[in-house]
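Here is a model to go through in questions and answers. Each answer sets a value against the rule behind the term.

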Amino acid sequence: MMKSNQCQSCGMPIGKGTLEGTEKNGTKSIKYCEHCYQNGEWTQNLNFDEMYAYNLKRFQESDINKVQKYF
């Protein structure tokens with residue numbers, strides 16, 4: 001089985017229900033998810049600590065926090 005890619009910003013799996021972000025020219029980003037990166041720009045204007053806290057909260061509130069395996 002093919003392992004899914006992960007967003008280099010938030011760590012979310014890309015390709016398992018999450019779309020890739022996009023570059024300014026419309027091509028898909030291979031590094032970032034749609035939640036972090038769209039049209040060649042970051043979706044959030046946060047520093048590292050703020051981004052960490054934001055993503056931790058999203059993780060804790062999501063279904064991915066439950067025992068789940070990704071193949």
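This is a predicted model: local features need pLDDT of at least 70, side-chain atom pairs count only at pLDDT 80 or more; totals for chains, interfaces and linings use all residues.

Q: How do you know that the span of helix 1 agrees with its number of residues?
A: Helix 1 covers residues 48-61, which is 14 residues, and at 1.5 Å a residue these should span 20 Å. The end C-alpha atoms are 20 Å apart, so the two values agree.

Q: What makes Asn47 a cap of helix 1?
A: A side-chain oxygen of Asn47 lies 3.1 Å from the backbone nitrogen of Asp49, at the N-terminal end of the helix. A polar contact requires N or O atoms within 3.5 Å, so the 3.1 Å pair qualifies.

Q: Why are strand 3 and strand 4 called paired?
A: Pairing takes at least two bridges. Two bridges join strand 3 (residues 20-22) to strand 4 (residues 28-33), so the strands count as paired; they run antiparallel. Glu20 has Cys33 in strand 4 as its bridge partner. The two strands form a hairpin with five residues between them, and Gly26 in the turn has a positive phi of about 95 degrees.

Q: Why is the pair of Lys28 and Glu20 called a salt bridge?
A: The cut-off between a side-chain nitrogen of Lys or Arg and a carboxyl oxygen of Asp or Glu is 4 Å. The closest N and O atoms of Lys28 and Glu20 are 4.0 Å apart, so the pair is counted. The structure holds one salt bridge.

Q: Why is Ser29 called buried?
A: Ser29, in strand 4, has a relative accessible area of 3%, which is under 20%, so Ser29 is buried. Leaving aside neighbours within four places in sequence, Ser29 is in contact with Glu20, Gly21, Thr22, Glu23 and Tyr37. A polar atom of the Ser29 side chain also lies 3.1 Å from the backbone nitrogen of Tyr32.

Q: How much of the protein counts as buried?
A: Of its 71 residues, 18% count as buried. The accessible surface comes to about 5,800 Å², of which 51% belongs to carbon and sulfur atoms.

Technical notes: Residues are numbered from 1 along each chain as its sequence is written. Side-chain values use heavy atoms; hydrogens and water are left out. Helices (H or I, at least four residues) and strands (E, at least two) are DSSP runs, numbered from the N terminus. The expected span of a helix is 1.5 Å times one less than its number of residues. A polar contact is a pair of N or O atoms within 3.5 Å; within protein, one must be able to donate a hydrogen and the other to accept it, and residues adjacent in sequence count only if both atoms are side-chain atoms. Buried means under 20% relative accessible area, exposed over 50%, partly exposed in between (1.4 Å probe, protein chains only). Contact means heavy atoms within 4.5 Å. Accessible areas come from the Shrake-Rupley method with a 1.4 Å probe; for residues, only the protein chains shown count as cover.
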